[in-house]
Amino acid sequence: MNTATSRSAISAVMLIAAFELKKILFSRRGLIGLFAFALVWFVLLWYPVRQASVYLFTPDIKQLLINVFGEASVSQLLSWQVAEMAVMRVAALYLFPLFSLFICADQFASDKTRGMFRFLSLRADRDTLFLGRIAGYLYIQALLLALTLIATLALACSRDSSLLLLGLGSGLFIFINIIIALLPFTAMMAILSLYANSSRQATIYAVLLLVGFSIINGILGHYLPSLNSILQWILPGAQLSQMINSHGFSQLSLYGVPLIQTALFLLLGRSYMGRIAL
(Lines give C-alpha, C1' and ligand atoms only; values in the text may rest on other atoms or scores of the structure.)
Protein backbone atom coordinates (compact mmCIF):
# COMPACT_ATOMS: atom_id res chain seq x y z
CA MET A 1 0.00 0.00 0.00
CA ASN A 2 2.80 2.42 0.95
CA THR A 3 4.69 1.61 -2.24
CA ALA A 4 1.60 2.25 -4.35
CA THR A 5 0.97 5.54 -2.53
CA SER A 6 4.56 6.65 -3.07
CA ARG A 7 4.37 5.84 -6.76
CA SER A 8 1.12 7.76 -7.04
CA ALA A 9 2.66 10.81 -5.31
CA ILE A 10 5.72 10.73 -7.58
CA SER A 11 3.49 10.42 -10.65
CA ALA A 12 1.47 13.43 -9.49
CA VAL A 13 4.63 15.48 -8.98
CA MET A 14 5.91 14.54 -12.46
CA LEU A 15 2.51 15.35 -13.98
CA ILE A 16 2.55 18.86 -12.50
CA ALA A 17 6.17 19.30 -13.62
CA ALA A 18 5.33 18.25 -17.18
CA PHE A 19 2.39 20.67 -17.22
CA GLU A 20 4.69 23.56 -16.21
CA LEU A 21 7.04 22.67 -19.06
CA LYS A 22 4.19 22.52 -21.58
CA LYS A 23 2.88 25.85 -20.31
CA ILE A 24 6.21 27.45 -21.25
CA LEU A 25 6.51 25.71 -24.62
CA PHE A 26 2.96 26.33 -25.82
CA SER A 27 2.14 29.79 -24.49
CA ARG A 28 2.86 33.14 -26.08
CA ARG A 29 4.61 34.45 -22.98
CA GLY A 30 6.76 31.33 -22.75
CA LEU A 31 7.76 31.43 -26.41
CA ILE A 32 8.72 35.11 -26.12
CA GLY A 33 10.87 34.24 -23.12
CA LEU A 34 12.52 31.38 -24.99
CA PHE A 35 13.23 33.63 -27.96
CA ALA A 36 14.78 36.29 -25.70
CA PHE A 37 16.90 33.66 -23.96
CA ALA A 38 18.05 32.24 -27.32
CA LEU A 39 18.92 35.71 -28.58
CA VAL A 40 21.02 36.50 -25.50
CA TRP A 41 22.95 33.24 -25.75
CA PHE A 42 23.42 33.59 -29.51
CA VAL A 43 25.16 36.92 -28.92
CA LEU A 44 27.24 35.46 -26.07
CA LEU A 45 28.27 32.38 -28.03
CA TRP A 46 28.99 34.15 -31.30
CA TYR A 47 31.06 36.99 -29.85
CA PRO A 48 32.60 36.46 -26.36
CA VAL A 49 32.67 32.62 -26.32
CA ARG A 50 33.75 32.19 -29.95
CA GLN A 51 36.46 34.83 -29.73
CA ALA A 52 37.68 33.72 -26.30
CA SER A 53 37.92 30.08 -27.40
CA VAL A 54 40.19 31.10 -30.27
CA TYR A 55 42.66 33.11 -28.19
CA LEU A 56 42.26 31.85 -24.61
CA PHE A 57 44.12 28.57 -25.11
CA THR A 58 47.02 29.82 -27.19
CA PRO A 59 50.40 29.37 -25.43
CA ASP A 60 50.96 33.11 -24.93
CA ILE A 61 47.51 33.73 -23.40
CA LYS A 62 47.82 30.60 -21.23
CA GLN A 63 51.10 31.84 -19.83
CA LEU A 64 49.65 35.31 -19.25
CA LEU A 65 46.72 33.86 -17.28
CA ILE A 66 49.07 31.70 -15.22
CA ASN A 67 51.29 34.72 -14.47
CA VAL A 68 48.33 36.92 -13.48
CA PHE A 69 46.13 34.47 -11.53
CA GLY A 70 48.61 31.75 -10.60
CA GLU A 71 48.80 28.22 -11.93
CA ALA A 72 46.71 26.80 -9.09
CA SER A 73 43.80 29.12 -9.98
CA VAL A 74 43.55 28.31 -13.70
CA SER A 75 45.22 24.92 -14.18
CA GLN A 76 41.96 22.94 -14.37
CA LEU A 77 40.26 25.53 -16.57
CA LEU A 78 43.10 25.41 -19.11
CA SER A 79 43.08 21.59 -19.17
CA TRP A 80 39.78 21.43 -21.12
CA GLN A 81 40.15 19.96 -24.62
CA VAL A 82 37.11 21.74 -26.07
CA ALA A 83 37.76 25.45 -25.64
CA GLU A 84 34.19 26.53 -26.43
CA MET A 85 32.80 24.28 -23.71
CA ALA A 86 35.29 25.60 -21.15
CA VAL A 87 34.43 29.25 -21.84
CA MET A 88 30.68 28.54 -22.02
CA ARG A 89 30.83 26.72 -18.66
CA VAL A 90 32.44 29.70 -16.91
CA ALA A 91 29.74 32.01 -18.28
CA ALA A 92 26.91 29.57 -17.51
CA LEU A 93 28.00 29.00 -13.91
CA TYR A 94 27.19 32.64 -13.19
CA LEU A 95 24.52 33.47 -15.77
CA PHE A 96 22.18 30.50 -15.24
CA PRO A 97 21.80 31.13 -11.48
CA LEU A 98 21.09 34.77 -12.38
CA PHE A 99 18.49 33.66 -14.95
CA SER A 100 17.01 31.39 -12.29
CA LEU A 101 16.13 34.40 -10.14
CA PHE A 102 13.86 35.61 -12.97
CA ILE A 103 12.68 32.31 -14.50
CA CYS A 104 11.65 30.77 -11.17
CA ALA A 105 10.15 33.90 -9.62
CA ASP A 106 6.60 33.02 -10.66
CA GLN A 107 6.38 29.48 -9.34
CA PHE A 108 3.55 30.45 -6.99
CA ALA A 109 3.16 34.24 -6.85
CA SER A 110 0.63 34.70 -9.67
CA ASP A 111 -1.53 31.73 -8.67
CA LYS A 112 -1.58 32.92 -5.06
CA THR A 113 -2.63 36.43 -6.09
CA ARG A 114 -5.38 35.14 -8.41
CA GLY A 115 -6.66 32.64 -5.84
CA MET A 116 -5.87 29.64 -8.05
CA PHE A 117 -4.32 27.68 -5.20
CA ARG A 118 -7.71 27.00 -3.70
CA PHE A 119 -8.75 25.26 -6.92
CA LEU A 120 -5.42 23.45 -7.34
CA SER A 121 -5.52 22.15 -3.77
CA LEU A 122 -8.69 20.24 -4.65
CA ARG A 123 -6.68 18.27 -7.24
CA ALA A 124 -3.46 17.68 -5.30
CA ASP A 125 -2.12 18.14 -1.78
CA ARG A 126 0.24 20.97 -0.90
CA ASP A 127 3.39 18.83 -0.86
CA THR A 128 2.67 17.58 -4.36
CA LEU A 129 2.04 21.12 -5.62
CA PHE A 130 5.22 22.41 -4.02
CA LEU A 131 7.50 19.67 -5.31
CA GLY A 132 5.75 19.54 -8.70
CA ARG A 133 6.26 23.24 -9.35
CA ILE A 134 9.94 23.06 -8.37
CA ALA A 135 10.47 20.01 -10.59
CA GLY A 136 8.67 21.77 -13.45
CA TYR A 137 10.89 24.82 -13.28
CA LEU A 138 13.94 22.56 -13.11
CA TYR A 139 12.69 20.93 -16.32
CA ILE A 140 12.46 24.36 -17.93
CA GLN A 141 15.99 25.30 -16.89
CA ALA A 142 17.28 21.90 -17.99
CA LEU A 143 15.74 22.45 -21.43
CA LEU A 144 17.34 25.90 -21.74
CA LEU A 145 20.69 24.53 -20.62
CA ALA A 146 20.49 21.61 -23.05
CA LEU A 147 19.74 23.98 -25.95
CA THR A 148 22.70 26.16 -24.94
CA LEU A 149 25.02 23.15 -24.83
CA ILE A 150 23.83 21.94 -28.24
CA ALA A 151 24.52 25.38 -29.70
CA THR A 152 27.97 25.43 -28.06
CA LEU A 153 28.74 21.96 -29.44
CA ALA A 154 27.69 23.08 -32.92
CA LEU A 155 29.99 26.09 -32.59
CA ALA A 156 32.92 23.86 -31.56
CA CYS A 157 32.27 21.39 -34.39
CA SER A 158 32.15 24.22 -36.93
CA ARG A 159 35.78 24.89 -35.95
CA ASP A 160 36.86 21.24 -35.77
CA SER A 161 34.47 18.36 -36.49
CA SER A 162 36.72 15.90 -34.62
CA LEU A 163 35.63 17.56 -31.35
CA LEU A 164 32.14 16.00 -31.52
CA LEU A 165 32.73 13.09 -29.11
CA LEU A 166 34.83 15.16 -26.74
CA GLY A 167 32.18 17.87 -26.84
CA LEU A 168 29.40 15.41 -26.03
CA GLY A 169 31.30 14.17 -22.97
CA SER A 170 32.08 17.70 -21.81
CA GLY A 171 28.49 18.76 -22.43
CA LEU A 172 27.10 15.97 -20.26
CA PHE A 173 29.48 16.89 -17.47
CA ILE A 174 28.54 20.58 -17.69
CA PHE A 175 24.82 19.74 -17.74
CA ILE A 176 25.02 17.75 -14.49
CA ASN A 177 27.35 20.35 -13.00
CA ILE A 178 25.09 23.35 -13.61
CA ILE A 179 21.79 21.59 -12.81
CA ILE A 180 23.17 20.73 -9.36
CA ALA A 181 24.24 24.36 -8.95
CA LEU A 182 20.71 25.51 -9.88
CA LEU A 183 18.90 23.27 -7.38
CA PRO A 184 19.21 25.59 -4.33
CA PHE A 185 18.37 28.70 -6.38
CA THR A 186 15.18 27.07 -7.65
CA ALA A 187 14.16 25.90 -4.18
CA MET A 188 14.93 29.32 -2.66
CA MET A 189 12.85 31.08 -5.33
CA ALA A 190 9.94 28.74 -4.58
CA ILE A 191 9.87 30.01 -0.99
CA LEU A 192 10.18 33.66 -2.03
CA SER A 193 7.48 33.17 -4.68
CA LEU A 194 5.16 31.81 -1.99
CA TYR A 195 5.82 34.88 0.15
CA ALA A 196 5.68 37.52 -2.60
CA ASN A 197 2.60 38.83 -4.38
CA SER A 198 4.19 38.94 -7.83
CA SER A 199 7.13 37.49 -9.73
CA ARG A 200 8.82 40.90 -9.81
CA GLN A 201 8.53 41.18 -6.05
CA ALA A 202 10.00 37.69 -5.60
CA THR A 203 12.99 38.62 -7.78
CA ILE A 204 13.52 41.83 -5.79
CA TYR A 205 13.42 39.86 -2.54
CA ALA A 206 15.99 37.42 -3.93
CA VAL A 207 18.37 40.20 -5.01
CA LEU A 208 18.02 41.97 -1.65
CA LEU A 209 18.60 38.71 0.21
CA LEU A 210 21.70 37.72 -1.76
CA VAL A 211 23.27 41.18 -1.89
CA GLY A 212 22.33 42.06 1.69
CA PHE A 213 23.69 38.81 3.08
CA SER A 214 26.91 39.21 1.07
CA ILE A 215 27.44 42.71 2.51
CA ILE A 216 26.73 41.58 6.08
CA ASN A 217 28.95 38.54 5.63
CA GLY A 218 31.74 40.74 4.28
CA ILE A 219 31.52 43.06 7.28
CA LEU A 220 31.48 40.15 9.72
CA GLY A 221 34.38 38.57 7.85
CA HIS A 222 36.48 41.66 8.51
CA TYR A 223 36.04 41.35 12.27
CA LEU A 224 35.29 37.64 12.67
CA PRO A 225 37.05 35.68 9.89
CA SER A 226 36.22 32.32 11.46
CA LEU A 227 32.49 33.15 11.41
CA ASN A 228 32.73 34.33 7.80
CA SER A 229 34.08 30.95 6.68
CA ILE A 230 30.90 29.32 8.05
CA LEU A 231 28.27 31.88 7.00
CA GLN A 232 29.44 32.01 3.38
CA TRP A 233 28.03 28.52 2.81
CA ILE A 234 24.47 29.41 3.84
CA LEU A 235 23.18 31.04 0.65
CA PRO A 236 23.16 29.49 -2.84
CA GLY A 237 26.16 30.07 -5.09
CA ALA A 238 28.81 29.86 -2.37
CA GLN A 239 30.71 27.17 -4.29
CA LEU A 240 30.51 28.71 -7.78
CA SER A 241 33.92 30.40 -7.70
CA GLN A 242 35.54 27.12 -6.65
CA MET A 243 33.71 25.17 -9.36
CA ILE A 244 35.31 27.27 -12.11
CA ASN A 245 38.78 25.86 -11.57
CA SER A 246 37.72 22.23 -11.15
CA HIS A 247 37.13 19.47 -13.60
CA GLY A 248 35.92 15.87 -13.62
CA PHE A 249 35.78 14.01 -10.33
CA SER A 250 37.50 16.85 -8.47
CA GLN A 251 34.11 18.57 -8.32
CA LEU A 252 32.38 15.79 -6.40
CA SER A 253 33.44 17.32 -3.08
CA LEU A 254 31.67 20.57 -4.04
CA TYR A 255 28.33 18.94 -4.87
CA GLY A 256 27.50 18.43 -1.21
CA VAL A 257 27.02 22.17 -0.58
CA PRO A 258 24.20 22.83 -3.10
CA LEU A 259 22.53 19.50 -2.29
CA ILE A 260 22.43 20.27 1.44
CA GLN A 261 21.20 23.81 0.74
CA THR A 262 18.45 22.41 -1.50
CA ALA A 263 17.32 19.94 1.17
CA LEU A 264 17.11 22.75 3.75
CA PHE A 265 15.17 25.05 1.40
CA LEU A 266 12.75 22.22 0.56
CA LEU A 267 12.09 21.59 4.25
CA LEU A 268 11.57 25.31 4.92
CA GLY A 269 9.33 25.70 1.86
CA ARG A 270 7.24 22.65 2.69
CA SER A 271 6.76 23.93 6.25
CA TYR A 272 5.85 27.44 5.07
CA MET A 273 3.43 26.23 2.41
CA GLY A 274 1.70 24.03 4.97
CA ARG A 275 0.99 27.07 7.16
CA ILE A 276 -0.11 29.71 4.68
CA ALA A 277 -3.71 30.29 3.65
CA LEU A 278 -4.48 29.38 0.06
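**View 1. Ser 271 in helix 13 of the predicted model.** Ser 271 sits in helix 13, which covers residues 252-275. Its relative accessible area is 40%, so Ser 271 is partly exposed. Ile 191 is 80 residues away from Ser 271 in sequence. In space, the two C-alpha atoms are 10.0 Å apart.

View 2. Ser 193 belongs to helix 9, residues 164-195. Ser 193 is buried because its relative accessibility is 0%, and the cut-off for buried is under 20%. Leaving aside residues up to four places away in sequence, Ser 193 touches Cys 104, Ala 105, Asp 106, Gln 107, Phe 108, Ala 109 and Ala 202.

**View 3. Ser 170, also in helix 9.** Ser 170 has a relative accessibility of 14% and therefore counts as buried. Its contacts, not counting residues up to four places away in sequence, are Trp 80, Val 82 and Met 85.

**View 4. Helix 8 and its N-terminal cap.** Helix 8 runs over residues 126-159 and has 34 residues. From first C-alpha to last, helix 8 reaches 50 Å. That is close to the 50 Å expected at 1.5 Å a residue. Asp 125 caps the N-terminal end of this helix. A side-chain oxygen of Asp 125 lies 3.1 Å from the backbone nitrogen of Asp 127.

**View 5. A nonpolar surface patch of about 650 Å².** The residues that make the patch are Val 207, Val 211, Ile 215, Ile 219, Tyr 223, Leu 224 and Leu 227. Helix 10, residues 199-223, gives the largest share, with five residues. Leu 224 lies in the loop between helix 10 and helix 11 (225-231). Leu 224 has a relative accessible area of 42%, so this residue is partly exposed.

**View 6. The whole chain, for orientation.** The predicted protein chain has 13 helices and zero strands. Read from the N terminus, the order of elements is α-α-α-α-α-α-α-α-α-α-α-α-α. Of the 278 residues, 42% are buried. Take the contacts between residues at least 6 apart in sequence: 78% of them join residues at least 24 apart. The accessible surface of the chain comes to about 15200 Å². Carbon and sulfur atoms account for 70% of that surface.

Notes
Residues numbered from 1 in each chain as written. Heavy atoms only, no water. Helix = DSSP H or I, 4+ residues; strand = E, 2+ residues; numbered from the N terminus. Buried < 20%, exposed > 50% of the residue type's maximum accessible area, 1.4 Å probe, protein only. Contact = heavy atoms within 4.5 Å. Expected span 1.5 Å × (residues − 1). Polar contact = N/O pair within 3.5 Å; in protein donor to acceptor, adjacent residues only side chain to side chain. Patch = residues over 30% accessible without salt bridge, like charges linked within 9 Å, V, L, I, M, F, W, Y side chains within 5 Å. Areas by Shrake-Rupley, 256 points an atom, 1.4 Å probe, with all protein chains shown as cover. Salt bridge = Lys/Arg side-chain N within 4 Å of Asp/Glu carboxyl O.
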